[in-house]
Amino acid sequence: GGAVERQVEMMRTRCGLEVTVGVELEFHLLREKDAKDGGGREAVDGYNWAHSRALDEQAEFIATLLDYLSAQDIPAELVHGESSGGQFELVLPYTDPLTAADRLVAARASLFAAARFHDLRATLVPKFAAASAGSGLHLHLGLRSPAPSAARNALADPAHPA
């Protein structure tokens, strides 16, 4: 197996823990600017954090993205508006690290394809415009007991019980 597989197995055998990873993929959705306005690309909207109108206006794009993901058996927990105009976040649920990595690669390709289908462009660049918030990729790591009946705080110190 590869390096990640070895580390995951070590956590399971030595520590009795399973490693899980949740993914938050931030991106900006852009449209072509009119040539009379200088051309180039601009954010599809000017809304800020979690504005519902951003979701309403991009409902067809979001539906296409979710369809593409579903066709590949990739669950999505949430798509929501992020911190600046045209910025969104796709949240993928916790799973084992290798599956999370595979899903992320496929989700990125699906994101770009869904945008192209709607004559838009998606970008993952950290900061596409000086006035926009930056985009990132957040990985949430979890440690859990493989047996739900033996669930325990993996970071607890037995010498100092809470």
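This is a predicted model: local features need pLDDT of at least 70, side-chain atom pairs count only at pLDDT 80 or more; totals for chains, interfaces and linings use all residues.
1. Leu141 lies in strand β6. With a relative accessible area of 66%, Leu141 is exposed, because the cut-off for that class is over 50%. Together with Leu137 and Leu139, Leu141 makes a nonpolar surface patch of about 320 Å².

2. The protein chain has an average pLDDT of 90, and 93% of the residues score at least 70. Among the elements of the chain, helix α3 (residues 59-71) has the highest mean pLDDT, 98, while strand β2 (residues 41-43) has the lowest, 89.

3. Six of them are found in a search of the whole structure. Glu9, Arg12, Glu18 and Arg144 are linked in a network of such contacts.

4. Two of the contacts made by Glu18 can be described individually. In the salt bridge between Arg144 and Glu18, the N to O distance is 3.3 Å. This pair links distant parts of the chain, since Arg144 belongs to strand β6 (residues 137-144) and Glu18 to strand β1 (residues 18-32), 126 residues apart. Arg12 also forms a salt bridge with Glu18, and here the closest N and O atoms are 3.6 Å apart.

5. Because Glu42 lies in strand β2 and Arg31 in strand β1, the pair ties together parts that are 11 residues apart in sequence. Glu42 is partly exposed at 30% relative accessibility, and Arg31 is partly exposed at 35%. The reader may wish to recall here that strand β2 is the element with the lowest mean pLDDT.

6. The geometry of helix α1 (residues 3-15) was compared with expectation. At 1.5 Å a residue, its 13 residues should span 18 Å, and the end C-alpha atoms are 17 Å apart, so the two values agree. Just after α1, Gly16 takes a positive phi of about 70°.

Terms used:
Residues are numbered from 1 along each chain as its sequence is written. Side-chain values use heavy atoms; hydrogens and water are left out. pLDDT is the predictor's confidence in each residue, from 0 to 100. Helices (H or I, at least four residues) and strands (E, at least two) are DSSP runs, numbered from the N terminus. A salt bridge is a side-chain nitrogen of Lys or Arg within 4 Å of a carboxyl oxygen of Asp or Glu. Buried means under 20% relative accessible area, exposed over 50%, partly exposed in between (1.4 Å probe, protein chains only). The expected span of a helix is 1.5 Å times one less than its number of residues. Patches are made of residues with over 30% relative accessible area and no salt bridge: like charges are joined within 9 Å, nonpolar side chains (Val, Leu, Ile, Met, Phe, Trp, Tyr) within 5 Å. Accessible areas come from the Shrake-Rupley method with a 1.4 Å probe; for residues, only the protein chains shown count as cover.
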